[in-house]
Amino acid sequence: MDQQDFEAPGARSRVLAALAERRRTGSRPGRRTDGLRIALAVEGGGMRGIISGGMALALHEAGLTGAFDAVYGASAGALTGAWLLSGDAGQLAGWADAEYARAMVRPGNPLRGRPVVDLHHLVEHLYAHVARMDFDAILANPTTLHPLATHTGTGLATDLHPLLTDPARLRLALRASAALPLLAGPPVELAGSHYYDAGLAESIPFRTALAQGATHVLVLRSRGSGTGAGAGAGAGAGTRIGTGVGGAAVVAGPSRGSRMIARTVLRRYPAPLRDSYLGRAERLRADEELLGRHDLDPPADGPAVLSVRPGPDAPKVGRLARDSVLLRAALEAGQAAMDEVIARLPRPRLP
């Protein structure tokens with residue numbers, strides 16, 4: 001059955017149609033016949049990543065993980081992507097557990113000479129020995145994981161997938177992708193280079209997916225939308241399918257705190273890294289505009305990109321949030337947003 005035989009409520013979406021067709025045919029990675037490359041891009045943002053984590057959990061529960069050829073993750077989005085491909089994606093619900101928040105955000109750590117965001121404890125202890133992420137399963141999964149990080153020498157977003165040769169390097173890549181300057185300590189060394197958090201260069205990891213040949217990209221956003229334009233076709237009152245021009249407020253320039261970190265923590269690194277860090281707000285604005293154009297006026301040809309995030313009533317989660325009630329509500333908001341999109345997947349026409 002051709003994708004033209006599918007019909008969605010409201011405006012037609014090539015991303016939804018492609019996912020629906022793969023689900024209908026039971027298409028599996030490594031055995032595709034449709035000629036497409038469908039990527040999932042997961043935004044992070046510290047504990048705010050619980051929202052996109054809830055969306056990924058909903059995709060898993062709907063049996064759609066196998067519809068993707070690659071998963072790109074930035075910062076906490078890389079951790080979500082790893083769980084999604086681990087064979088135990090139900091562990092994504094652990095984002096809302098108090099133990100998870102305590103393992104990742106440890107305010108007393110500076111008194112012990114450790115960073116507030118303790119990625120080493122999270123990945124090397126909790127994931128390796130307590131929650132037990134199956135790193136071998138991730139490496140063997142035909143849907144490939146692409147953790148992004150920022151190279152300290154160039155200031156550019158770097159896909160760490162080629163470096164994922166064993167579980168130890170996978171763990172280092174996950175830590176590198178989320179290594180926030182100051183909050184998470186020094187950059188992570190991997191294969192002779194050093195990396196900071198992906199958000200310094202590419203906080204919404206869809207551009208790398210497009211550059212690597214993705215024909216369709218589903219973007220899971222952790223930032224909530226505003227009340228402006230941007231509710232995509234078929235979206236309900238709470239969920240925002242797409243970003244929309246004028247949706248979320250974007251800061252026009254670097255904050256005072258960012259300028260301070262650039263002058264202190266990052267002063268020993270090459271200027272391109274500091275420039276990349278200070279240019280985050282401008283890149284986010286450009287990303288919002290590009291995603292909005294894809295959502296509101298999708299091109300007839302070329303790659304198709306669809307972004308999903310909850311509406312303005314979703315809980316507002318800070319990067320260092322630890323309140324389990326707030327985190328549970330945010331996880332459920334992410335799940336609800338994706339469930340609403342999944343419910344609108346195109347259905348085959350009856351004969």
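**Note on the predicted model: strands, helices and side-chain contacts**

1. Five bridges connect strand S8 (residues 216-220) with S10, and the two strands run parallel. Strands are counted as paired here if DSSP finds at least two bridges between them. Within this pairing, Leu220 has Val308 of S10 as its bridge partner. Helices (H or I, at least four residues) and strands (E, at least two) are DSSP runs, numbered from the N terminus.

2. The structure is a predicted model, in which local features need pLDDT of at least 70 and side-chain atom pairs count only at pLDDT 80 or more, while totals for chains, interfaces and linings use all residues. Residues are numbered from 1 along each chain as its sequence is written, and side-chain values use heavy atoms, with hydrogens and water left out.

3. Strand S10 (residues 304-310) is mostly covered, with seven of its seven residues buried. The term buried means under 20% relative accessible area, exposed means over 50%, and partly exposed lies in between (1.4 Å probe, protein chains only). In a regular strand, side chains alternate between the two faces of the sheet. In S10 both faces are covered: Ala304, Leu306, Val308 and Pro310 are buried on one side, and Val305, Ser307 and Arg309 on the other.

4. Strand S3 (residues 70-74) is largely enclosed by the rest of the structure, because five of its five residues are buried. Ala70, Tyr72 and Ala74 lie on one side and Val71 and Gly73 on the other; both faces are covered. S3 has parallel partners in two strands. Strand S2 (residues 38-42) is joined to S3 by four bridges, with Leu40 partnered by Val71. Strand S4 (residues 144-151) is joined to S3 by five bridges, and there Ala74 has Leu148 as its partner.

5. S2, helix H2 (residues 50-61) and S3 together make a right-handed β-α-β unit. Right-handed means that, with the strands pointing away from the viewer, the path from the first strand over the helix to the second runs clockwise. H2 has 12 residues and spans 16 Å from its first C-alpha to its last, close to the 16 Å expected at 1.5 Å a residue. The expected span is 1.5 Å times one less than the number of residues in the helix. H2 is mostly covered, with 10 of its 12 residues buried; among them are Ile50, Ile51, Met55 and Leu57.

6. Helix H12 (residues 324-343) has 20 residues and reaches 28 Å from its first C-alpha to its last, close to the expected 28 Å. Asp323 caps its N-terminal end, with a side-chain oxygen 3.0 Å from the backbone nitrogen of Val325. The buried residues of H12 include Leu327, Leu331, Met338, Glu340 and Ile342.

7. The model contains three aromatic pairs, a pair being two rings of Phe, Tyr or Trp (its six-membered ring) with centres within 6.5 Å; planes under 30 degrees apart count as stacked, over 60 as edge-to-face and the rest as tilted. Trp83 and Tyr127 form an edge-to-face pair, 5.2 Å centre to centre and with 80° between the planes. This pair links distant parts of the chain, since Trp83 is in helix H3 (residues 76-84) and Tyr127 in helix H5 (residues 119-130), 44 residues apart. Trp83 is buried at 3% relative accessible area, and Tyr127 is buried at 1%. Trp95 and Tyr100 form a tilted pair, at 5.0 Å and 45°; both residues are buried.

8. Arg171 lies over the face of Phe135, at 5.2 Å from the ring centre. The criterion is that NZ of Lys or CZ of Arg is within 6 Å of the ring centre and within 35 degrees of the ring normal.

How values were computed. Polar contact = N/O pair within 3.5 Å; in protein donor to acceptor, adjacent residues only side chain to side chain.
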